[in-house]
Amino acid sequence: MSLQNGSFSLTRYQVLGRTKRLSVAELNQKLHGYQARPISLQSAAREIDYGWVLPDNPELEDFVDRQTAWDISDCLYEDGVLLRLRIERRAVPGQLLQEIVKQRWSERKPPEETEEPQRVLKKQVLDEVKEELLRMSLPSVSYVDAFWKDQEDRIYLFSQSKMAREAFEDLFHKTFGKPHKIGIFRLLPPLLGISPDAWQSPAEHNEYLQRIVHTLPVRSGRAIETEAPPF
């Protein structure tokens, strides 16, 4: 969901584990490997694909020229970092898939004694046909915006879609979380009222907050550790 599509929803994240403010060079460390490539109509064979694209930064004057070559310095805005995620989805109609698989299976040569079990062969035909049809399907493209207030260790994702959240969490972990040993988790009531300072030093505030921090889930079911996030 984009900020410009006329509707608004929000998912808040808390960042844990940061010991210093990350520089532009550090933020760029893994960015290139996870930037979205130009949309391909023939070579993509995955149902869902996503990557970072240049956000609509009001302070960026040469936006059109920068879209093919950009980095985190183009995403800096006021007291944080603008992030934009492009998601491509491809789908194959189930009935069409079954019909073509049935046809391909009937056209096979008589099985030999050394061949794999029939269930394995059918699965291979199914996977081959699905990949072929995915390459022929047009993608559905959507964008998701986020604002990372890095000094406050808060991230605001402008969507509540499960797919958008999972894509963002996965991409953030690969691009920033794993390289810099920081973790993120979604803030839900009644945790929204806790200040960023309290999250970073839970032991200094109270025993209950410290216990919450050590038991909150992060992506893929990993637990947050304030001193050494488990990445």
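**Note on the predicted model**

1. The protein chain has seven helices and seven strands, helices being DSSP runs of H or I of at least four residues and strands runs of E of at least two, numbered from the N terminus. This is a predicted model, in which local features need pLDDT of at least 70 and side-chain atom pairs count only at pLDDT 80 or more, while totals for chains, interfaces and linings use all residues. Residues are numbered from 1 along each chain as its sequence is written, and side-chain values use heavy atoms, with hydrogens and water left out.

2. Read from the N terminus, the order of elements is β-α-β-α-β-β-α-α-β-β-α-β-α-α. Of the contacts (heavy atoms within 4.5 Å) with a separation of 6 or more, 72% join residues 24 or more positions apart.

3. Of the 231 residues in the protein chain, 40% are buried; buried means under 20% relative accessible area, exposed over 50%, and partly exposed in between, with a 1.4 Å probe and protein chains only. The chain exposes about 13800 Å², and carbon and sulfur atoms supply 50% of that area, by the Shrake-Rupley method with a 1.4 Å probe.

4. Aspartate 150 belongs to the loop between β5 (140–149) and β6 (154–157). This aspartate counts as buried because its relative accessibility is 8%. Its side chain makes a polar contact with the side chain of arginine 21 at 2.8 Å; such a contact is a pair of N or O atoms within 3.5 Å, where within protein one must be able to donate a hydrogen and the other to accept it, and residues adjacent in sequence count only if both atoms are side-chain atoms. Leaving out residues up to four places away in sequence, aspartate 150 touches Arg18, Arg21, Asp79 and Gly80.

5. Most residues other than glycine have a negative phi. Glutamate 78, however, has a positive phi near 50° and sits in the loop between β3 (76–77) and β4 (80–89). Glutamate 78 counts as exposed because its relative accessibility is 62%. Lysine 181 also has a positive phi, near 55°, and is placed in the loop between α5 (162–180) and β7 (183–186).
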